[in-house]
Amino acid sequence: MRAIPAAVSSAMLALVCAACVSPSAHSSPPRGPPGTGDRAVIAIGSFNFPESVLLAEIYGGALAAHGFPARVLPDLGSRELVDPALMSGLIQLVPEYAGSALEFASLGRRSATSSAEATNQALAASVAQAGLVVGRPAPAQDTNAIVVTAATAARYDLRSIADLARVAPRQVFGGPAECPGRPYCLPGLERTYGVRFRGFIPLDAAGPLTVQALDAGSVSAALLFSTNPDIHARHLVVLADDRGLQPAENITPLIRRDVVARYGAGLVAVLNKVSARLDTGSLRALDALVQLQGKAPRQVAANWLRSQGLAPREPAVR
């Protein structure tokens with residue numbers, strides 16, 4: 001799917017933000033940090049899949065617990081919608097995935113690598129001109145995973161993505177609607193591995209529709225996120241990315257520089273404390289609570305923040 005033009009995406013998201021940021025009957029007015037009278041809301045956007053919503057709640061919950069006027073705007077859409085809104089100031093913070101964020105922000109001029117440090121440095125340089133600051137990358141990563149069912153792996157003797165090249169012309173691939181235009185999805189599979197599928201079915205952002213399509217045989221291979229708890233629960237096989245298509249995708253908060261200037265370095269310090277505690281195993285376990293057990297992302301985030309000493313025992317009201 002083509003990227004949505006920034007002007008269009010900004011206009012669309014302006015309507016969303018105007019509705020979401022306004023005080024409502026079930027939310028208290030945002031509170032500024034101690035010693036300030038500024039009540040400007042820090043709007044934290046998420047992409048349109050469960051893990052991103054959870055991450056927004058985690059970082060937003062930590063900020064709220066420290067007195068910053070944070071408010072989460074969940075499920076805003078794809079990167080083509082959310083990141084331009086961040087760059088234009090319609091929202092103020094997004095927990096991003098470093099490698100994909102770098103590819104988008106640099107318009108493909110900078111290539112992410114498997115090095116978290118190098119990718120973070122390149123990302124910081126790429127977003128600086130858009131008025132953004134890069135927080136500390138978390139140890140937690142969530143990369144694109146190319147998966148098949150155990151039966152498909154056994155039938156075609158599939159162990160790595162390279163093995164797909166000989167069977168893909170007869171198979172159908174499933175993934176997010178944006179996949180045909182994303183460099184780490186179908187274009188990357190073709191460029192790096194020579195994998196060309198007979199067809200593509202647009203599904204959801206690595207969620208239940210994709211898993212159902214795999215189970216039903218509607219698609220033979222699909223893109224899921226590596227932390228998706230269904231991979232383990234349904235015994236799906238992740239094909240090895242032995243040619244290094246997927247970059248470092250450490251969870252990395254992107255925040256507007258003017259917000260940091262308004263609230264001071266303490267705001268970034270809170271975000272960095274969260275990132276320091278968030279590893280891949282923890283993220284996968286938190287995802288399972290939301291995606292398999294149906295728990296509310298805000299409550300899962302609040303419980304984790306309290307367990308890490310990043311929020312008081314009683315969650316802050318937002």
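S100 is buried, with a relative accessible area of 14%, where buried means under 20% relative accessible area, exposed over 50% and partly exposed in between, for a 1.4 Å probe and protein chains only. The model is predicted, so that local features need pLDDT of at least 70 and side-chain atom pairs count only at pLDDT 80 or more, while totals for chains, interfaces and linings use all residues. Residues are numbered from 1 along each chain as its sequence is written, and side-chain values use heavy atoms, with hydrogens and water left out.

## The chain as a whole

The protein chain holds 13 helices and ten strands, which are DSSP runs numbered from the N terminus (helices H or I with at least four residues, strands E with at least two). Of its 318 residues, 52% are buried. The chain exposes about 13400 Å², of which carbon and sulfur atoms supply 55%; these areas come from the Shrake-Rupley method with a 1.4 Å probe, and for residues only the protein chains shown count as cover. Taking the contacts (heavy atoms within 4.5 Å) between residues at least 6 apart in sequence, 75% join residues at least 24 apart.

S100 lies in helix α4, residues 98–105, and its side chain makes a polar contact of 2.6 Å with the side chain of E249. A polar contact is a pair of N or O atoms within 3.5 Å; within protein, one must be able to donate a hydrogen and the other to accept it, and residues adjacent in sequence count only if both atoms are side-chain atoms. When residues up to four places away in sequence are not counted, S100 touches R79, Y184 and E249.

The side chains of E96 and R79 make a polar contact at 2.8 Å, and E96 counts as buried because its relative accessibility is 0%. Leaving aside neighbours within four places in sequence, E96 is in contact with F47, R79, D83, A101, N250, I251, T252 and L254.

Helix α3 covers residues 79–88 and is largely enclosed by the rest of the structure, because eight of its ten residues are buried. The buried residues of α3 are R79, E80, L81, V82, D83, P84, A85 and L86. Just after this helix, G89 takes a positive phi of about 90°.

## Aromatic rings and the disulfide

A pair of aromatic rings is described by the distance of the centres and the angle of the planes. Across the whole structure, a search finds five aromatic pairs. One of them joins F49 and Y97, a tilted pair with 6.1 Å centre to centre and 35° between the planes. This pair links distant parts of the chain, since F49 is in the loop between β1 (42–47) and α2 (50–65) whereas Y97 is in strand β3 (residues 93–97), 48 residues apart. In these terms, rings of Phe, Tyr and Trp (its six-membered ring) pair if their centres lie within 6.5 Å, and planes under 30 degrees apart count as stacked, over 60 as edge-to-face and the rest as tilted.

F47, F49, Y97 and F225 form one aromatic cluster. The charged end of R79 sits over the ring of F47, 4.9 Å from its centre; the criterion is that NZ of Lys or CZ of Arg is within 6 Å of the ring centre and within 35 degrees of the ring normal.

What does a search of the whole structure find for disulfides? The search finds one disulfide, and it joins C179 to C185 with S to S 1.7 Å, the criterion being a pair of cysteine sulfur atoms within 2.5 Å. Because the torsion about the S-S bond of C179 and C185 is about -75°, this disulfide is left-handed. Both C179 and C185 are buried.

| Residue | Relative accessibility | Class |
|---|---|---|
| F49 | 10% | buried |
| Y97 | 4% | buried |
| L158 | 5% | buried |
| D75 | 48% | partly exposed |
| L107 | 65% | exposed |

L158 is placed in the loop between α6 (150–156) and β6 (172–176). The C-alpha atoms of L158 and A240 are separated by 9.4 Å, although these residues are 82 residues apart along the chain.

Most residues other than glycine have a negative phi. D75, in strand β2 (residues 70–77), has a positive phi near 55°. L107, in the loop between α4 and α5 (116–128), also has a positive phi, of about 55°, and is not a glycine.
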